[in-house]
Amino acid sequence: MSELSLAYIFQHQQLLVDDQFQLPKVEKLAGDLSFQSGDQVIARDLYIEESIPEGYQLVPIRQLISQWTKSQFEQASRALQLLEWRRNHKFCSHCGTETQVHPTEYAMVCPACRYHQYPRLQPCIITVITRGEDEILLAKNAKNKGDMYGLIAGFVEVGETLEQAVQRETLEEVGIHIDNIQYLSSQPWPFPSNLMIAFKAEYVSGDIVLQEDEISDAQFFKFDQLPQIPFAGSIAHAMIQHVIHASKMPT
Ligand SMILES: [Zn+2]
């Protein structure tokens with residue numbers, strides 16, 4: 001029997017772990033994604049007929065943010081995104097021929113026209129906005145049924161700089177003008193394949209006007225009177241802590 005590999009085994013956005021949130025060790029199968037040098041770490045989707053081993057369970061990957069270290073979560077999120085990308089690029093987007101997995105790179109290669117499809121990221125800006133010395137803008141997503149208030153965020157559009165995306169999203173979602181846009185940090189976010197790029201900015205002018213299909217409420221909150229905010233481990237949480245307590249952003 002060959003040496004066992006540590007395995008990221010997914011079903012949709014759930015990952016197979018034991019009750020200590022540790023990964024299983026399995027035999028590598030043809031078609032598994034080799035995830036690090038050699039075959040010591042692999043990733044694959046749970047096969048339809050495959051049963052869940054005793055002592056293991058499928059846990060939503062979001063839940064693992066609070067159980068795991070940042071680098072453990074990033075590895076799992078990388079595995080999830082690579083599998084998703086491979087699943088969605090079975091055919092050449094140029095000529096429609098079935099693709100083949102590149103032997104050494106993360107690329108799906110067309111045997112007919114040689115077009116290479118690589119994993120793609122979607123850049124997404126997220127912005128923490130302050131007013132004066134002690135106020136922060138927090139917004140409630142219209143899709144979020146709970147009471148959590150988060151930050152302004154959105155996808156970068158084609159032809160736009162990151163700073164323009166920050167200004168546009170802020171104006172669209174809450175109707176205010178901002179300035180002093182400064183880069184803070186970034187975080188890969190595998191839902192589905194985003195790179196969250198974090199900025200801070202200062203309020204300049206305008207009254208809050210909600211984009212109602214996206215935002216159900218937005219207000220400037222005093223630093224010592226915050227509503228419920230995003231959970232620890234998310235970049236939004238780190239950004240809010242950063243502006244309020246001057247804590248260091250994760251890198
Ligand atoms: Zn092709």
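Helices (H or I, at least four residues) and strands (E, at least two) are DSSP runs, numbered from the N terminus. The model shown in these views is predicted.

View A. The chain has 251 residues, of which 27% count as buried. Among contacts between residues at least 6 apart in sequence, 61% join residues at least 24 apart. The domain assignment divides the chain into domain 1 (5-84), domain 2 (89-120) and domain 3 (122-245).

**View B. UniProt, in an unreviewed entry, places the feature "domain: Nudix hydrolase" at residues 119-243.** Over residues 119-243, 18% of the chain is helix and 43% is strand.

**View C. Domain 1 touches domain 3 through 8 residues of domain 1 and 7 residues of domain 3.** The C-alpha centres of the two domains lie 31 Å apart. On the side of domain 1 that touches domain 3, helix H1 (61-67) and helix H2 (70-87) each supply at least two residues. H2 gives the largest share of that side, with 5 residues. By type, the residues on this side of domain 1 are 3 nonpolar, 3 polar and 2 charged.

**View D. The largest nonpolar core has 32 residues.** Which residues have the most contacts inside this core? They are Ile-125, Ile-126, Ala-139 and Met-239. Several elements give two or more residues to the core: strands E10 (122-131), E11 (135-141), E12 (152-155), E13 (177-189), E14 (194-205) and E15 (215-222), with helices H3 (162-174) and H4 (235-245). Apart from this core lies another, of 16 residues, including Ile-9, Phe-10, Leu-23 and Ile-42. In soluble globular proteins, nonpolar side chains tend to be buried together.

**View E. Ala-139 is in contact with residues from several parts of the sequence.** Leaving aside neighbours within four places in sequence, the contacts of Ala-139 are Tyr-149, Gly-150, Ile-152, Glu-173, Val-174, Ile-215 and Ala-218.

**View F. Helix H4 packs its buried residues against E10, E11, E13 and E14.** The buried residues of H4 are Ile-235, Ala-236, Ala-238, Met-239 and Ile-240. One of them, Met-239, is also among the residues with the most contacts inside the largest nonpolar core. After H4 comes Ala-246, where phi is positive, near 55°. Is Ala-246 buried or exposed? Ala-246 is exposed, because 7 other C-beta atoms lie within 10 Å and a residue with 12 or fewer counts as exposed.

**View G. His-12 lies in the loop between strand E1 (5-11) and strand E2 (14-18).** Phi of His-12 is near 55°, a positive value in a residue other than glycine. Most residues other than glycine have a negative phi, and most peptide bonds are trans. His-12 has 12 other C-beta atoms within 10 Å, so His-12 is exposed.

**View H. The peptide bond from Phe-191 to Pro-192 is cis.** The omega angle of this bond is near 0°. Where is Pro-192 found? Pro-192 is in the loop between E13 and E14.

**View I. Asp-39 is in the loop between strand E4 (33-34) and strand E5 (41-45).** With 16 C-beta neighbours inside 10 Å, Asp-39 counts as partly exposed. Beyond its neighbours within four places in sequence, Asp-39 is in contact with Ser-5, Lys-28 and Ser-34. Glu-27 is 12 residues from Asp-39 in sequence, and the two C-alpha atoms are 9.7 Å apart in space.

**View J. An open sheet is formed by 3 strands in the order E7-E8-E9.** The pairing in this sheet is antiparallel. Strands E7 (100-101) and E9 (116-117) stand at the edges; each has a single partner strand, so one side of each is left without a neighbour in the sheet. E7 and strand E8 (residues 108-109) are joined by 2 bridges. Which residue of E8 is the bridge partner of Val-101? That partner is Met-108. Strands of a sheet pair through backbone hydrogen bonds, either parallel or antiparallel.

Note on methods
Residues are numbered from 1 along each chain as its sequence is written. This is a predicted model: local features need pLDDT of at least 70, side-chain atom pairs count only at pLDDT 80 or more; totals for chains, interfaces and linings use all residues. A nonpolar core is a set of buried Ala, Val, Leu, Ile, Met, Phe, Trp, Tyr and Cys residues joined through C-beta atoms within 7 Å. A residue is buried if 20 or more other C-beta atoms lie within 10 Å of its own, exposed if 12 or fewer, and partly exposed in between; C-beta atoms are placed from the backbone. Two residues are in contact if their C-beta atoms, placed from the backbone, lie within 7 Å. Domain bounds come from an automatic or database domain assignment. Ala, Val, Leu, Ile, Met, Phe, Trp, Tyr, Cys and Pro count as nonpolar, Asp, Glu, Lys and Arg as charged, and the others, Gly among them, as polar. Two strands pair if DSSP finds at least two bridges between them. UniProt positions are given in the numbering used here, feature names are shortened, and annotations may be inferred rather than shown by experiment.
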